[in-house]
Amino acid sequence: MIDTTAEIVRFRNGNHARHRHDEPQIASALARTYAMVLAGGRGSRLMQLTDWRAKPAVPFGGKHRIIDFALSNCVNSGIRRIGVATQYKAHSLIKHLQRGWSFLDADLGEFLEVLPAQQRLDGAWYMGTANAVLQNIDIIHAHAPEHIIVLAGDHIYKMDYAMMLAEHLERDADLSIAALRVPIGSASAFGIVTAAHDARITGFVEKPPEPAPCADDSSVAFASMGVYCFDTKFLFELLRSDARSEDSLHDFGHDVIPAALARSTRVFAHRFETSCIRRSGAGVYWRDVGTIDAFWAANLDLTRVQPELDVYDESWPIRTLQEQRPPAKFILGSPDGASQTANALVSSGCIISGAAVRNSLLFTDVWAEQGTIIEDSVVLPRVRIGHNVRLRRAVVDKYCSLPDGFEAGLDPEADRLRFEVSEGGIVLITPEMLGQRVHKL
């Protein structure tokens, strides 16, 4: 058994707690752990943002991709044997993984291997999250892991998986499921966990129409984060059994987790608040940026004076592909001389030439010309913005070129005729909507 209390230390003036990954027992367990990142989903609720890329490859936060958060959690936690299962329009994702995550040292037993759908077992592509793991079972088996952490590659959060693994070992669990409290009104979008006082899971329902509230607070439900820690033998047994079921959707939430509960009494909930990496006094942070509204809000939260997600924490860096770009450049005067740029993140390679940028996030290589005003907007990389453009509450996709005098976000009816407008009123603009044939022949 691992004495988790003895192996948790406080650091950085008590800002957060984490395991000392160099402790022999923890380090040994981490070395025998394999992380399987599921990154094959389309993310259709992001609408045209995922027409040409998988959801995990969508840019986030000015310089990252969504998948960088799950991968950084693995590396920062001490898990450096990682497989990434890809499928839907994976070219940009695979390119990002090859260029940005090639620093792991094979001589030290570290690796990140890309696992595209290859029809390894039969003539089918990945037919669900569980099937994606099953189809790579021979590759995983060759690495001889004792523990497997399965997680999605399309969520934004900072978590020390070593804490979850240590708790898993201390409980002698077959399966541990990371969970957090969510508002009861939105809980039907999640797998809902029912747990006893000792955290033993007694029930699990995937996306129920009427989620069961927590016993101590009827306003929230206990929801699965889609982060699972398995003993390898137990997981392989479940996957092989699931593959033989003709009625299965081959999905972890719908099929594998209920089967695990039927087979074992040693399935436990791991409370995310114990392993969430955050500032002292801050709440837990986990976001599914699966809609345009959620994507816009999570990006713009980073422009606040003290955002909920701390991306400046040097002890838990979010790694990514570091492009060699010059610093952001600000020249000339703006339409509002008193506030040329305020509450904004402006990434490297940007040139702001007499434009005003307020409450907005600009990714790399965005150029904005004289007279332009950008407000409450997210502008993805390599966008060109002409003179006297007005943008408000917009998401502008990569490679767009906005002509002089262009307006979006000011007239909802006019926007709906040309662009995609979300339920929350966010305007999504892509090159194809502008008649710019970036992707189509």
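**Close-up 1. E113 is buried but lacks a salt bridge.** The closest side chain of opposite charge is R81, at 8.7 Å. Buried means under 20% relative accessible area, exposed over 50%, and partly exposed in between, with a 1.4 Å probe and protein chains only. A salt bridge puts a side-chain nitrogen of Lys or Arg within 4 Å of a carboxyl oxygen of Asp or Glu. Lys and Arg count as positive, Asp and Glu as negative; His and the chain ends are not counted. E113 sits in strand β7. Its side chain makes a polar contact with the side chain of H143, at 2.9 Å. Such a contact is a pair of N or O atoms within 3.5 Å; within protein, one must be able to donate a hydrogen and the other to accept it, and residues adjacent in sequence count only if both atoms are side-chain atoms. Helices (H or I, at least four residues) and strands (E, at least two) are DSSP runs, numbered from the N terminus.

This is a predicted model: local features need pLDDT of at least 70, side-chain atom pairs count only at pLDDT 80 or more, and totals for chains, interfaces and linings use all residues. Residues are numbered from 1 along each chain as its sequence is written, and side-chain values use heavy atoms, with hydrogens and water left out.

**Close-up 2. E110 and R80 form a salt bridge.** Their closest N and O atoms are 3.6 Å apart. The pair links distant parts of the chain, 30 residues apart. E110 lies in the loop between α3 and β7 (111–116). R80 lies in the loop between α2 (67–77) and β6 (81–86). E110 is buried, at 13% relative accessibility. R80 is partly exposed, at 28%.

**Close-up 3. R382 and D365 meet through their side chains in a salt bridge.** The N to O distance is 3.6 Å. R382 belongs to the loop between β24 (378–379) and β25 (384–385), and D365 to the loop between β21 (361–362) and β22 (367–368), so the bridge ties together parts 17 residues apart in sequence. R382 is partly exposed, with a relative accessible area of 27%. D365 is buried, at 5%.

**Close-up 4. A salt bridge joins E375 to R392.** The closest N and O atoms are 3.4 Å apart. E375 is in strand β23 (residues 373–375) and R392 in strand β26 (residues 390–392), so the pair connects parts 17 residues apart in sequence. E375 is buried, with a relative accessible area of 16%. R392 counts as partly exposed, at 30% relative accessibility.

**Close-up 5. R45, K55, D154 and D288 are linked in a network of salt bridges.** Side chains of opposite charge can pair when their charged atoms come close. A search of the whole structure finds 21 salt bridges.

**Close-up 6. Helix α2 is largely enclosed by the rest of the structure, because 11 of its 11 residues are buried.** Among them are I67, F69, L71 and V75. D68, S72, N73 and N76 are buried too. Just after α2, G78 takes a positive phi of about 95°.

**Close-up 7. The second largest pocket holds about 960 Å³ of space.** On a 1 Å grid over the protein atoms alone, a pocket is an open set of points with protein on both sides within 12 Å along at least five of seven lines, while a cavity is a set where a 1.4 Å probe fits but cannot get out; lining residues have an atom within 4 Å of a point. Grid points are joined across faces, edges and corners, and a volume is the space filled by probe spheres set on the points. The pocket is lined by 37 residues. K63, R65, E323, T364 and P381 lie nearest its centre. β5 (64–65) and α3 (91–100) are the elements that give two or more residues to the lining. α3 gives the most, with five. The lining divides into 14 nonpolar, 13 polar and 10 charged residues. Ala, Val, Leu, Ile, Met, Phe, Trp, Tyr, Cys and Pro count as nonpolar, Asp, Glu, Lys and Arg as charged, and the others, Gly among them, as polar.

**Close-up 8. The structure holds one cavity of 30 Å³ or more.** The largest cavity has a volume of about 50 Å³. K158, I277, R278, R279, A282, Y285, E308, L309 and D310 line the largest cavity. Four of these residues are nonpolar, none polar and five charged.
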